[in-house]
Amino acid sequence: MTAVQAPGRLLAISDLHAAIGRNKALVEGLRPESPDDWLIVAGDVAETADEVRRTLAMLAERFGTVVWTPGNHELWTHPSDGLTLRGEERYLHLVEMCRGLGVVTPEDPYPVFRGEHGPLRIAPLFLLYDYTWLPEGATSKAEGMRVAEETGLAFSDELLLHSDPFASREDWCAARVAETERRLTAVDDPDVPLVLVNHYPLVREPTRVLRHPHLAMWCGTRRTETWHRRFHVACVLYGHLHIPRRTVHDGVPFHEVSLGYPREWQRHGHPHGILRRIDLGESAG
């Protein structure tokens, strides 16, 4: 009797930070159970282009399909990186690098995963943030930045993530949101629901558990807060917060799939597994 192979699994991870020793060991140990398994990598692979390439090339050799969207760390022009490109030029360089590895990017047609729950259209998004998730009591970015200055806590993006040729990250974010909204509208189909993949959460609610709530300014944009209702969405995948969990918003599951830094995962373990299996039938937790 010939064994019937189970359909491939849809797996996800983000915030690999693969240049860090303990993380590198975990990432190098990742393996599919089936050659048909897909792996979604929702950003922050590493800080240098060479490490991003090495890690994604390794994963692309193992998994049936790898889908990537950038986090803020890939977009940094870091002093230790031999690649000195900035802003959009750096992003497009990474896109071409991924295409050479066979990795799906936000600039490619959205692929369809055919698993046990039926077809799902995987949409990797690159949207950035625009400082519209302000701290309580703040009414402008300037006021929000004053809160950050008072706490001494802000994202390193302020020094390393450049927006060239856009005048600001807010302008780059607006352009990315407009183009992505156009593409999602064009493919929206109730028979093939979307899996939206972004480095940042698409709604603000997940950021409310941050130890320092003002950091939400660097975590997303109000422009996307209705997308999970507006489009036919099966689930949303994101990272960035380093708080792995599953929540439900307006009936749509949101999965934070980050690995995070060793000091974090050594404290809380891997409650959902290092690789998150995206099972549309699982309960919240």
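**A tour of the pockets and a helix pair**

In this predicted model, the largest pocket holds about 810 Å³ of space. To find it, select Leu-215, Leu-241, His-242, Arg-263 and Glu-264, which lie nearest the centre of the pocket among the 25 residues that line it. Next, colour α3 (72-75) and α9 (262-268), the elements that each give two or more residues to this lining. Of the elements, α9 contributes the most, with four residues. Sorted by class, the pocket lining comprises eleven nonpolar, eight polar and six charged residues.

How many cavities of 30 Å³ or more does a search of the whole structure find? The search finds one, and the largest cavity contains about 90 Å³ of space. To display its lining, select Pro-244, Val-257, Ser-258, Leu-259, Ile-274 and Arg-276, together with His-268, Gly-269, His-270, Pro-271, His-272 and Gly-273. This lining has five nonpolar, six polar and one charged residues.

Finally, select helix α2 (residues 49-62) and helix α4 (residues 87-101), whose axes come within 10 Å and cross at roughly 30°. Angles under 35 degrees count as roughly parallel, and α2 and α4 are therefore roughly parallel to each other. The crossing of α2 past α4 is right-handed. Show side chains at the contact: on α2, Ala-49, Val-52, Arg-53, Leu-56, Ala-57 and Ala-60; on α4, Arg-90, Leu-94, Met-97, Cys-98 and Leu-101. By class, the residues of this contact are nine nonpolar, no polar and two charged.

Notes. Residues numbered from 1 in each chain as written. Predicted model: local features only at pLDDT ≥ 70, side-chain atom pairs only at ≥ 80, totals over all residues. Heavy atoms only, no water. 1 Å grid on protein atoms, 1.4 Å probe; cavity = no way out; pocket = protein on both sides within 12 Å on 5 of 7 lines; lining within 4 Å. Points joined across faces, edges and corners; volume = space filled by probe spheres on them. Nonpolar A, V, L, I, M, F, W, Y, C, P; charged D, E, K, R; others polar. Axes fitted to C-alpha atoms, helices over the stretch in contact; angles between N-to-C directions. Parallel < 35°, antiparallel > 145°, perpendicular 65-115°, else oblique. Left-handed = near helix turned anticlockwise from the far one by under 90°. Contact = heavy atoms within 4.5 Å.
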